[in-house]
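Hi everyone, thanks for coming.

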Amino acid sequence: GLLLLSAALGMMAATRCPAPCVCDNLRAYVLCLNGSLMAIPDTIPERTKKLDLRGNSFMVIPAGAFLATPYLTHLDLQRCKVERLEEGAFRGLGRLVYLNLASNGIVILYQESLDGLSSLQQLILEGNRIEEIQPGAFGHLGSLTVLDLRANSLVYLPDMVFQGLQVLRWLRLSHNALHVLGSEAFAALPALRRLSLDHNELQMLPGEALARLEGATRLDLGHNPITYVAEEALAMASLRHLFLDHASLQDVAPDAFARSPQLRVLDLSENQLQGLPPLAGAGGLARVSLDGNPLLCSCLLRPFHKWLARARVQAEGACAAPPALRGRSLDSLKPPEMRCSRLRPPPRPTTLPEQPRAAGSRQCPRGCVCSPDFHHGSCENRDLREIPRDFPGDTRLLDLRQNPFRTVPPDAFPGLKELVSLHLQSCSITVLHPGALRGLESLVYLYLTDNHLSTLVAAAFEGAPQLAYLDLDHNAFTRVPAGAFRLLPNLISLHLQHNAIGELAEGDLAGARGLRWLYLAGNAIRHIAPDALAPTKMLEKLQLEGNHLSEVPTAALQGLPALSELKLSQNPIKHMGHSVFLPVASSLQHLYLDNMGLERISPHAFTGLGPKIRSLYLESNKMSNIPDMSNFTGLEILNLQDVPFHCDCQLLPLHRWINKLNLRVGATCGSPAEARGLKVKLSTTFLTCPGWSRGEAGETNPNKTKAASKPSKKKRSRKSPARGFSKSRA
């Protein structure tokens, strides 16, 4: 036990120790364990440094709850039934280094919930019910090195959600339900070394999001239903240890890891791999674990086996077939033993005629493969005319691609309460009947890409209220199916790309109030009604590239306070008038205006935009000048390639500004004739301009530039190469 207070420690302190607590003033330590406290006691000695309040019943931590104890360095609030942290709950705790809020009932982290914790190094939020992290929630935690968000209810990570965590080294996101990651979700974590994403619902490697983590050395993606690692899927410059164990891998592309040159250890144990190709480009690899995979040690495995020896990679794993080699370790095999008895290679794992797992104890429809270990069912490409039934009740992923079903009848998926992901791509589907998805109460992903749907009724989604990700790309829609999303309050991402939609009308998106990402590229949209997007107040991404818009749909952008990415590329917008982006100016970060044939941008077109903008794409247009962007101080990517700038004295401000930017922008002169093809940054046309000073000579003198730009080049290369810039020079 702790020392009891003695009179020598002062009567003053003794009188201030709250009733159910034990105060050790010598060590400035107060324990109030497993009591019945309903509120933070207000008589805790002011100089307390460690306060342990585990096992009480606070429900809410109100604003300023700890203002009376400003010297706290450690605060433990585990198992305190906390459901809400009010904004400013921890204000005044500028010395706190450790905060433990594990095993509570917190659902949302508000923007100001963690304000005032400028010295905090460890934040433990494990075992709460966190579903939502509001942007900026971690904005004031500049000293945090470990953030533990394990075992929460996160389904989705928005862009820049971890902004402010400049020195964070380990981010723990295991045991959530993550299946959608914003491409910039990890963009603000320059010091991160270790990321734990195991035990989630990721179905593919979130390559774009992970590419932002240039310094991370260890990544854990085990226990996710990832079936395939695609070409160059992982571009992580410093990654050394990658864990992809207990996933559902059936295939890995030969150059999957070619853009992660530091990779040393690759754990692929307990998957469904029958073999691997030689892993080109993973030159530093020292060890690959394939334990627990159904390896087929036939002639097909020879190239991989040969590569192991040549690249001196240690491999762990044993043959499952053919029978003669069953149980033999990979490193004991000799090439002549790996024979093919047939001339044809064996079928893909998903189309094996029988698999021991499908047999006996569990039901599985005829011609399909059910994998109880992974809760997967697959009947891909079996020429089935009707949707099969009788899958195991705990199936979570069901792959029915490439079967000519034509329709999805009512109650097509009985008994699949745990199904999370349903693949119906390329099934010639023309109609989804009312009640088609009834009973799929856990369904999050629905892929209906590449079918013949032209209309949808709301009742088709009845009984699937958790649906968050709906993919309707490459169908036959000529308009957005109005009101079809009324029963989908959790819809986050809607894909309607490459249909034949001609306009966005008022009411089309009624009910889609939680929508964050809307993809409408490759349609024929000419007009967007002013109120068409009104229901989607939480929209973050709007992709409209490759449509027929002739002007920026400014009126429709009203009422989208969270919009951070807008793509208008490849629309025939020739002129851009005043203040066209004003409605979204306070939130917009990424703006795509490339390949539009844009001829003129009004000097005030970008009114309201400024430091928030992080990337701006203007390449391949026809204008000869652009507006003043000197207040765009947050730019990380600016692409001005293939724009015919008129390099006269009117362009001097742009020339000066580009010279100050530490970015490759690719701007070249299109006229006058003597300057054509020269870089705007280096053009000597500006030497004769009034207001040009001798101090700029070094910047514009081409001979000096090489030396001058050397140091900045190093800095630049740390940025992830922007689209279209990898080959250009400043």
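I'll begin with the overall picture, then turn to the cores, the ring pairs and one glutamate.

Please keep in mind that this is a predicted model. The protein has 730 residues, and 51% of them count as buried. In terms of secondary structure, you'll find six helices and 45 strands. If we take contacts between residues at least 6 apart in sequence, 52% of them join residues at least 24 apart.

Now let's go inside. In soluble globular proteins, nonpolar side chains tend to be buried together. Here, the largest nonpolar core has 106 residues, and Phe413, Leu422, Met576, Phe581 and Leu616 have the most contacts inside it. Which helix gives the most to this core? That is helix α4, residues 652-660, with four residues. There is also a second, separate core of 101 residues, which includes Val82, Leu144, Ala233 and Leu295.

Let's stop at Leu616 for a moment. Leaving aside neighbours within four places in sequence, leucine 616 is in contact with several residues, among them Leu591, Leu593, Phe606, Met629 and Phe632. Asn639 is one of its contacts as well.

On to the aromatic rings. How many aromatic pairs does a search of the whole structure find? The count is 11. Take phenylalanine 66 and phenylalanine 90: their rings are stacked, 5.9 Å centre to centre, with 10° between the planes. Phenylalanine 66 sits in the loop between β4 and β5, while phenylalanine 90 sits in the loop between β6 and β7, so to speak two distant parts of the chain, 24 residues apart. Both phenylalanine 66 and phenylalanine 90 are buried.

Another pair is tyrosine 592 with tyrosine 617. Why do we call it stacked? Because the ring centres are 4.3 Å apart and the planes meet at 10°. Tyrosine 592 belongs to strand β40 and tyrosine 617 to strand β42, so this pair ties together parts that are 25 residues apart in sequence. Tyrosine 592 counts as buried because its relative accessibility is 10%, under the 20% cut-off. Tyrosine 617 is buried too, with a relative accessible area of 5%.

Elsewhere, ring pairs link Phe138, Phe162 and Phe186 into a cluster.

The charged end of lysine 567 sits over the ring of tyrosine 592, 4.6 Å from its centre. With lysine 541, the charged end sits over the ring of tryptophan 517, 4.9 Å from the centre.

My last stop is glutamate 565, in strand β38, residues 565-567. Is glutamate 565 buried or exposed? At 6% relative accessibility, it counts as buried. Not counting residues up to four places away in sequence, glutamate 565 touches Glu540, Lys541, Leu542, Gln543, Leu588, His590 and Tyr592. Glutamate 540 is 25 residues from glutamate 565 in sequence, and their C-alpha atoms are 6.4 Å apart in space.

Definitions and conventions. Residues numbered from 1 in each chain as written. Predicted model: local features only at pLDDT ≥ 70, side-chain atom pairs only at ≥ 80, totals over all residues. Heavy atoms only, no water. Core = buried A, V, L, I, M, F, W, Y, C linked by side-chain atoms within 4.5 Å. Buried < 20%, exposed > 50% of the residue type's maximum accessible area, 1.4 Å probe, protein only. Contact = heavy atoms within 4.5 Å. Phe/Tyr/Trp six-rings, centres within 6.5 Å; stacked < 30°, edge-to-face > 60°. Lys NZ or Arg CZ within 6 Å of the ring centre and 35° of its normal.
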